[in-house]
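Trainee: I would like to learn how to read a structure. Could you take me through some features one at a time?

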Amino acid sequence: MNHKHSLTITDNRTGKSYEIPIQYGTYPNYGASINALELRNIKTSEQDFGLLSYDPGFTNTASCSSRVTFLDGEKGILRYRGYPIEQLAEKSTYLETAYLILNGELPDQEQLKCWELGIIEHTFVHENIKKSIDRFQHNAHPMGILVSTVGALSTFYPDAKNIHDQECRNKQIWRLIAKMPTLAAFAYRHSLGLPYIYPDQELSYVGNFMNMLWKKSELKYQPDPVLERAIDVLFILHADHEQNCSTSIMRGVGSSYSDPFSAASSAIAALYGPLHGGANEAVLHMLAKIGSVDRVPEFIKSIKSGKEGRLMGFGHRVYKHYDPRAQICKKMAKDVFAVTGLNPQLDIALELERIALQDDYFVSRHLYPNVDFYSGLIYQALGFPLGMFPVLFAIARTTGWLAQWQEFLLDPEHKIERPRQIYCGTEERGYIPLDKR
Ligand code: ACO
């Protein structure tokens with residue numbers, strides 16, 4: 001053993017020392033780890049179970065090794081398969097990025113054409129899916145509809161169970177990425193009581209989504225190219241974010257060999273929670289509450305004094321620097337507003353950011369705008385109601401979920417996910433009959 005790449009732990013209960021190897025990923029200064037099972041050798045006696053590591057919320061536990069996304073929160077770096085998010089947002093499309101995330105390499109021209117055609121072919125959904133959406137209450141939240149209908153896809157495609165067959169997996173990946181916009185648009189139109197619009201296979205992935213959302217009586221829907229590109233870029237920014245809550249759920253459910261539709265339905269359920277997919281909505285409520293630019297200093301003061309809660313859209317569990325996705329959103333907001341008309345809330349947001357980034361409270365805590373600070377404003381300007389914000393996130397993240405699900409299935413270290421616990425309840429005791437209690 002190379003003694004430079006190991007830990008020596010002394011158990012002061014027994015005086016024994018243990019040497020534990022340190023393992024590395026791609027970068028020696030990022031993600032050095034020890035195998036938690038090594039801790040089990042640390043015992044006070046033969047009967048002792050051995051030491052566990054305790055990490056509620058998994059703030060410092062790697063559940064897998066992955067080659068999909070690299071994220072360095074200290075430096076504000078996000079890369080898919082090695083490519084910086086800034087380059088992908090500027091030069092790629094969502095479908096090309098999806099291919100990259102799923103396959104590890106950018107496609108050549110032929111591969112891209114085949115991938116895009118395959119997606120377009122699978123955009124239609126079974127008529128019974130349409131009928132099942134019809135049965136939801138008119139005011140049903142579109143995320144609730146999405147959880148159910150994505151789960152229901154497993155009943156339409158029972159072959160999806162063949163998760164060890166590569167060809168079959170590919171087919172489900174095509175199906176799910178293709179059908180997500182259709183399901184999302186149907187859920188949206190259901191909430192408005194509008195007839196569903198079938199996919200237009202001559203349009204781009206996003207252009208067709210816009211068609212299914214917003215087509216009225218015109219013969220052919222023509223998406224505005226600036227808005228179409230804005231949604232495409234937002235999809236690229238949200239396509240993957242390594243082991244976040246919903247992705248961990250996707251891997252966890254997939255670890256028991258569930259079909260991908262059931263696993264994705266669980267991931268959508270995780271994303272539905274306001275701590276994960278709902279912060280951009282909270283940003284809009286906050287900006288509405290502030291009301292005008294001149295009230296920003298007073299609002300910041302009340303945040304610092306603890307009277308107003310948190311500055312929504314600021315701070316991140318992983319990013320302790322500017323979230324690179326927020327930079328791109330900020331720039332894009334201006335392009336979108338040039339088409340949709342100015343949103344006065346953008347000025348409030350810019351002033352909030354300007355003041356917060358000069359304020360020691362925020363600087364010393366490494367609180368910078370996250371992706372949600374500007375994305376909600378863009379979604380609102382595009383005409384999406386609040387309930388659709390997490391749905392848009394879910395469409396984009398489907399790529400990441402599927403890539404990570406597949407990676408875990410093919411991982412030679414694959415195991416069903418089953419964490420340990422520290423039992424803190426009562427010791428064994430005898431049952432007391434009801435009449436004696
Ligand atoms: N506004 C004001 N103060 C904040 C904020 C904020 N947005 N975020 C953190 N802080 C303060 C905390 O009060 C704490 O201060 P203290 O040390 O004086 O007690 C310190 O910064 C550290 O905060 P933690 O809660 O330990 O940070 P954590 O990494 O656990 O939280 C989180 C990250 C949940 C994102 C937090 O920053 C937050 O609540 N932000 C607002 C909500 C938000 O924008 N969420 C979207 C995240 S992006 C996404 O999910 C796609």
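**Reading loops, a helix and a ligand site**

Mentor: His366 has a relative accessible area of 40%, so it counts as partly exposed. Keep in mind that this is a predicted model.

Trainee: Where is His366 found?

Mentor: His366 sits in the loop between α15 (360-364) and α16 (372-382).

Trainee: What should I look for in the backbone of a loop residue?

Mentor: Most residues other than glycine have a negative phi. His366 is not a glycine, yet its phi is positive, about 55°. Glu242 is also not a glycine and has a positive phi of about 40°.

Trainee: Is Glu242 buried, partly exposed or exposed?

Mentor: The class follows from the relative accessible area: under 20% is buried, over 50% is exposed, and partly exposed lies in between. Glu242 has 24%, so it is partly exposed. Glu242 belongs to the loop between α8 (225-237) and α9 (245-254).

Trainee: Which class does His122 fall into?

Mentor: His122 counts as buried because its relative accessibility is 18%. This residue is in the loop between α3 (109-121) and α4 (127-134). A polar atom of the His122 side chain lies 2.8 Å from the backbone oxygen of Gly118.

Trainee: How do I read a helix?

Mentor: Start with the general pattern. An α-helix has 3.6 residues a turn, so residues three or four places apart point the same way. Then check length and bending. Helix α17 (residues 389-410) has 22 residues and spans 32 Å from its first C-alpha to its last, close to the 32 Å expected. Even so, α17 has a kink of about 40°, centred on Arg397.

Trainee: Why is α17 described as largely enclosed by the rest of the structure?

Mentor: Because 21 of its 22 residues are buried.

Trainee: Which residues are closest to the ligand?

Mentor: Begin with the surrounding residues, then go to single atoms. There are 18 residues around the ligand, and the closest are Arg310, Leu311, Gly313, Phe314 and Asn370. The shell consists of 8 nonpolar, 5 polar and 5 charged residues.

Trainee: And the single atoms?

Mentor: A backbone N or O atom of Gly313 is 2.8 Å from a ligand oxygen. Tyr361 places a polar side-chain atom 3.1 Å from a ligand nitrogen. A polar backbone atom of His276 is 3.5 Å from an oxygen of the ligand. On its own the ligand has 940 Å² of accessible area, and the protein covers 67% of that.

Notes: Residues numbered from 1 in each chain as written. Predicted model: local features only at pLDDT ≥ 70, side-chain atom pairs only at ≥ 80, totals over all residues. Heavy atoms only, no water. Helix = DSSP H or I, 4+ residues; strand = E, 2+ residues; numbered from the N terminus. Expected span 1.5 Å × (residues − 1). Bend = angle between axes of the 7 residues up to and from the residue. Buried < 20%, exposed > 50% of the residue type's maximum accessible area, 1.4 Å probe, protein only. Near = heavy atom within 4 Å. Polar contact = N/O pair within 3.5 Å; in protein donor to acceptor, adjacent residues only side chain to side chain. Areas by Shrake-Rupley, 256 points an atom, 1.4 Å probe, with all protein chains shown as cover. Nonpolar A, V, L, I, M, F, W, Y, C, P; charged D, E, K, R; others polar.
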